[in-house]
Amino acid sequence: MKTIRYSILALLIFTVMSCNSEKKESKNLNVEVYETSESGNKLTRITEFSKVDSSAVIKLLPEQKFQTITGFGGSFTESSAYLLNKLSKRNRDTILQAYFAEDGARYSLTRTHIASCDFSLNNYTYAPEADDMELKSFNIEEDRDDLIPMIKDAQAISQDGFKIISSPWSSPPWMKDNKAYVGGKLLPKYYDVFALYFSKYLEAYKAEGIDIWGLTPVNEPHGNGNNWESMHFSPEEETDFVQNHLGPKLEADGFGKVNILGYDQNRAGLNEWVDAMFKDEASSKYFAGTAIHWYESTFDYLPEALQYAHNKAPNKYLIETEGCVDSEIPKWEDDAWYWKKEATDWGWDWASPEDKHLHPKYAPVNRYARDIIGCLNNWVDGWVDWNMVLDKQGGPNWFENWCVAPVIVDPVADEVYFTPLYYTMAHFSKYIRPGAEVIGVENADADLMVTAAKNPDGSIAVVLFNEGKMSKDFTLMLGEETVKVKINQQAIQTILIPTKTK
């Protein structure tokens, strides 16, 4: 009898445990899944879900909140704008709609150049007359044919609007010690005049109906090897310029809300720059944040440097303002190339021996996906691609510094090619909106890169990247709700968890 009693008791305990288990069983998580893959998906809606019980669980932790997203997007350059004007109206509209419309990539953060850069048709400045200390000769006529119409057409298409960061590659040459567009330093006697130059620019663009959200004092203050427009600043010199000249001038002229982002070059130099910019309250006052580029390495997103910059100025912006596949001529209508490790960057040929390891051949999609996810997981709040549109040569570029853009065009044949990079960018820009908060993620699969953000409307966007040659099954968990998902080999995937309705 004793044995029977214990058996009955064991049965009762098992029954109760089973009932409790059923009560706690995970509910189905409602999601929308979009994928771009080497196998041919292009932001394709995935409707067949995994049937595999995977031990790999990706758990979302919305109670863990990190940085607020400023936006994602690309850059308005004279080269891109010029090419758009060479296309039929239908193709021009198709491209702008693809970047800015609600059913497109919904770009929310952009960049443009102040006067000429390498992706201009020629060298030009807005203040051509030497020693014009009041800048009476200031004008933006060079921008009226191409650049301004492209920006205004994008504004007309964008439902939510977008922010613009503007950067000069150089001051007017006459303000520099070498009197040239390329290289040289801004002479201290022209610091106030160069500050006026920015104010005049903001005023002129405002008159065109274009408000500029942010500025950087100069693109790449370390220079670019004296190849195209550039101007050198040390961290201390730029901090002095912003603290004592640019910041006060913009404030006095009613542009005090324009965000000044310091540095604007590769991440390996971050530490010394943020140490100077955010040294004390006075040096920090007019800096809204820091701008960075990715050209230091084709695979390393330098998380330690990003963490250092955030910790130095936790309440300031940290924005990637430029990145592209450089030192390459685009591969026309060859999707496969963008998934293969065949691309090279400037460092493949020119990096110093001790830095050569940072520049192996790489797959363009991998570089974009890895870098953006890595940035988001290390406090970066905005990510801006370089040219939106280039031609089959990778230009026009007056220095013949050929690069790749997400959209490649043949203006002679009036043809357009949306490369896999366009869809890669859209995985972030379309679904992670300005004001979203990056949230915590527990990721049990070390071979998958994952980031997640909760949008202002309450929806959650999860972006995953599978660089491997095998598909992956995993379980996505939010609270007690779960969903089984499969990501293809060599694929980037956005999982959108819609806003819950009461």
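This is a predicted model: local features need pLDDT of at least 70, side-chain atom pairs count only at pLDDT 80 or more; totals for chains, interfaces and linings use all residues.
The UniProt record, an unreviewed entry, places the annotation "domain: Glycosyl hydrolase family 30 beta sandwich" on residues 435-495. Over residues 435-495 the chain is 66% strand and 0% helix, and the end C-alpha atoms of this stretch lie 18 Å apart.

Helix 11 covers residues 364-376. Its 13 residues should span 18 Å at 1.5 Å a residue, and the 19 Å between its end C-alpha atoms agrees with this. Because 13 of the 13 residues are buried, helix 11 is largely enclosed by the rest of the structure.

The side chains of Asp326 and Arg367 meet at 4.0 Å, N to O. Asp326 belongs to strand 12 and Arg367 to helix 11, so this pair ties together parts 41 residues apart in sequence. Asp326 is buried at 7% relative accessible area, and Arg367 is buried at 2%.

The count of salt bridges comes to 25. One of them joins Asp335 and Lys42 at 3.0 Å, N to O, linking distant parts of the chain that are 293 residues apart. Asp335 is partly exposed, with 25% relative accessibility, and Lys42 is partly exposed at 36%.

Another salt bridge pairs Asp160 with Arg433, with the closest N and O atoms 3.3 Å apart. Both residues lie in loops, so the pair ties together parts 273 residues apart in sequence. Asp160 is partly exposed at 48%, whereas Arg433 is buried at 12%.

Key:
Residues are numbered from 1 along each chain as its sequence is written. Side-chain values use heavy atoms; hydrogens and water are left out. Helices (H or I, at least four residues) and strands (E, at least two) are DSSP runs, numbered from the N terminus. The expected span of a helix is 1.5 Å times one less than its number of residues. Buried means under 20% relative accessible area, exposed over 50%, partly exposed in between (1.4 Å probe, protein chains only). UniProt positions are given in the numbering used here, feature names are shortened, and annotations may be inferred rather than shown by experiment.
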